[in-house]
Amino acid sequence: MQKLSNSIQLTHCLLKDRLNEAKIIVDATAGNGNDTLFLAQNALNNAQIYAFDIQKEAIENTKALLIKNKDNINLPLENISFIHDSHEHIDNYIQTKIDIAIFNLGYLPGGDHKFTTKDDTTLKTIDKILNNLNINGCVAIVMYPGHEEGSKEYQSIKLFVKDLPKKSFTVGWYKMINHNFNAPALCWIEKVGEYA
């Protein structure tokens, strides 16, 4: 039985069926590679995954995890692009429409906490992805309001998505209501119509 006791588990549950049809998939924050691995284990064998991270250590960790698990993934390793760059430059790497994107914001677990995602670049990237998302495509954003920059991102993203036009997007905001206020939260966006 699939557990749904935190935002990451819920994200993976929501994405699993969508990966049956997705061709272009973005992990905007590769981190230690756990989301990239999940995507690769559940993607079509002809899908393309783009894993971004601004920290070289994160890209190396992600690549090592995927190589270690290469026999347990659905697609060839050459279908995974490991991109050592900020996700805000996504349009330099992907010119086609996107089917799925995932963000797991904050800092690299086990890494230096002074390196963290920032609300301004995160919002720019979300906007670029939404403009380039296929109809029925989805974006999952896991946020961590328990640290200063994470709290800024949480508030900024909430303000941004609540004003997205409902003719173009459906937006869900998931938070464990009986947990600490600073518990991670998930923003789930589905594209239902054209967006200009």
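Student: Which residue stands opposite L186 in strand 7?
Tutor: Y174 stands opposite L186. Strands here are DSSP E runs of at least two residues, and helices are H or I runs of at least four, numbered from the N terminus. One caution: this is a predicted model, where local features need pLDDT of at least 70, side-chain atom pairs count only at pLDDT 80 or more, and totals for chains, interfaces and linings use all residues. Residues are numbered from 1 along each chain as its sequence is written, and side-chain values use heavy atoms, with hydrogens and water left out.

Student: How many bridges join strand 6 to strand 7?
Tutor: Seven, and strand 6 (residues 169-175) runs antiparallel to strand 7. Strands count as paired if DSSP finds at least two bridges between them.

Student: And how many join strand 5 to strand 7?
Tutor: Six bridges join strand 5 (residues 133-143) to strand 7, again antiparallel. I189 of strand 7 is the bridge partner of V139. I189 is also the bridge partner of V171.

Student: Is strand 7 mostly covered or mostly open?
Tutor: Mostly covered. Six of the seven residues in strand 7 (185-191) are buried. Buried means under 20% relative accessible area, exposed over 50%, partly exposed in between, with a 1.4 Å probe and protein chains only.

Student: What's the strand order in the sheet?
Tutor: The order is 3-2-1-4-5-7-6, in an open sheet of seven strands with mixed pairing. Strand 3 and strand 6 stand at the edges with a single partner strand each, so one side of each has no neighbour in the sheet. Neighbouring strands are turned by 10 degrees against each other on average, direction ignored.

Student: What does helix 5 touch?
Tutor: Helix 5 (residues 148-162) packs on the sheet and touches strand 5, strand 6 and strand 7. Contact means heavy atoms within 4.5 Å.

Student: New topic. At what angle do helix 1 and helix 2 pack?
Tutor: About 25 degrees, with the axes of helix 1 (residues 7-18) and helix 2 (residues 34-42) 11 Å apart. Axes are lines fitted to C-alpha atoms, for helices over the stretch in contact, and angles run from 0 to 180 degrees between N-to-C directions.

Student: Which residues make that contact?
Tutor: I8, H12, L15 and K16 of helix 1 meet D35, F38, L39 and N42 of helix 2.

Student: How many residues of helix 2 are buried?
Tutor: Seven of the nine. Among the elements covering them are helix 1, strand 1 (24-27) and helix 3 (56-68).
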